[in-house]
Amino acid sequence: MALLPVVNLTLLLFISLQTTTLSIDPTVGFTPLPLDSSYFQIQTPYDLPQDQRYSFKNGVHKFWVYSTDKPFMSTSNTAPRSEIRILYDYTSGIWQFEGYGYVPSGSTGVCIMQVFGGSLSSTSLQLRVYNGALTSYRSPTLVQNIYDRWFRVNVIHDAGANTITVYIDGELKYQGADRGDATHYFKFGVYEQNDPSNYMESQWKGIKVFKK
């Protein structure tokens, strides 16, 4: 009988430790919005057939570019990209992007998700990958190693309060100011940044948009 309190204490400690590592569902309290292919605008190098830089198979969007690729429009001077622009534009309210991302080993110097729009720059958030680390712009680092595994991404943008919150696998990884009032929308895929690899790829599935 004397061992019972010790066993109970150990069990309580185990439960407590398990509870502290549980992830949360950032979508609680949000309303899901309709989202199908009619809400997707695919942007790939203008001089290539779309299927040479984007595919959608078995529910997975695959995006890839090379550093020598052209921009998505002949009149653009931007870097190579293969992205989906989600056709929900907003200037107010609290919006959320959710998706499961995958980046193969070797892809670096690339943006894989954006909150487009800002008064200080063209975007308010860029999730980038540098040598396996997931970062907000060039820094800070949000997750040290995301290569070769699926990870859940939740980005919440409170346009009224000008704040952005990022959860990875249900864990809070970033919260900070956006880059000013503008017309905003979400993008995901690959978009070359500084110090890129020759080949850049990301895959995405389970894309959803929420609002409250």
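Where is the place of Asn131? In this predicted model, Asn131 lies in the loop between β8 (123-130) and β9, where strands (E, at least two residues) are DSSP runs numbered from the N terminus. Residues are numbered from 1 along each chain as its sequence is written. Because the model is predicted, local features need pLDDT of at least 70 and side-chain atom pairs count only at pLDDT 80 or more, whereas totals for chains, interfaces and linings use all residues; side-chain values use heavy atoms, with hydrogens and water left out.

Two residues other than glycine were found with positive phi. Phi of Asn131 is near 50°, and that of Asp195 is about 55°. Asp195 is placed in the loop between β14 (185-192) and β15 (199-211). Asn131 is exposed, with a relative accessible area of 67%, the term exposed denoting over 50% relative accessible area, buried under 20% and partly exposed the range in between (1.4 Å probe, protein chains only). Asp195, at 52% relative accessibility, likewise counts as exposed.

A cis peptide bond joins Ser139 to Pro140, with omega near 10°. Pro140 is located in the loop between β9 (133-136) and β10 (141-143). At 38% relative accessibility, Pro140 counts as partly exposed. Contacts of Pro140 (heavy atoms within 4.5 Å) are made with Leu134, Thr135 and Tyr174, when residues up to four places away in sequence are not counted. Pro140 and Lys173 are separated by 33 residues in sequence, and their C-alpha atoms are 9.8 Å apart in space.

Ser55 belongs to strand β3 (residues 54-57). Its relative accessible area of 17% is the reason why Ser55 is classed as buried. With residues up to four places away in sequence not counted, Ser55 touches Val60, His61, Lys62 and Trp64.

The largest nonpolar core contains 38 residues; such a core is a set of buried Ala, Val, Leu, Ile, Met, Phe, Trp, Tyr and Cys residues joined through side-chain atoms within 4.5 Å. Within this core, Ile86, Phe97, Met113, Leu127 and Val155 touch the most other members. Leaving aside residues up to four places away in sequence, the contacts of Phe97 include Ile86, Met113 and Val155. Phe97 also touches Val153, Asn154, Phe186, Phe188, Trp204, Ile207 and Lys208, on the basis of that sequence exclusion.

Definitions and conventions
Helix = DSSP H or I, 4+ residues; strand = E, 2+ residues; numbered from the N terminus.
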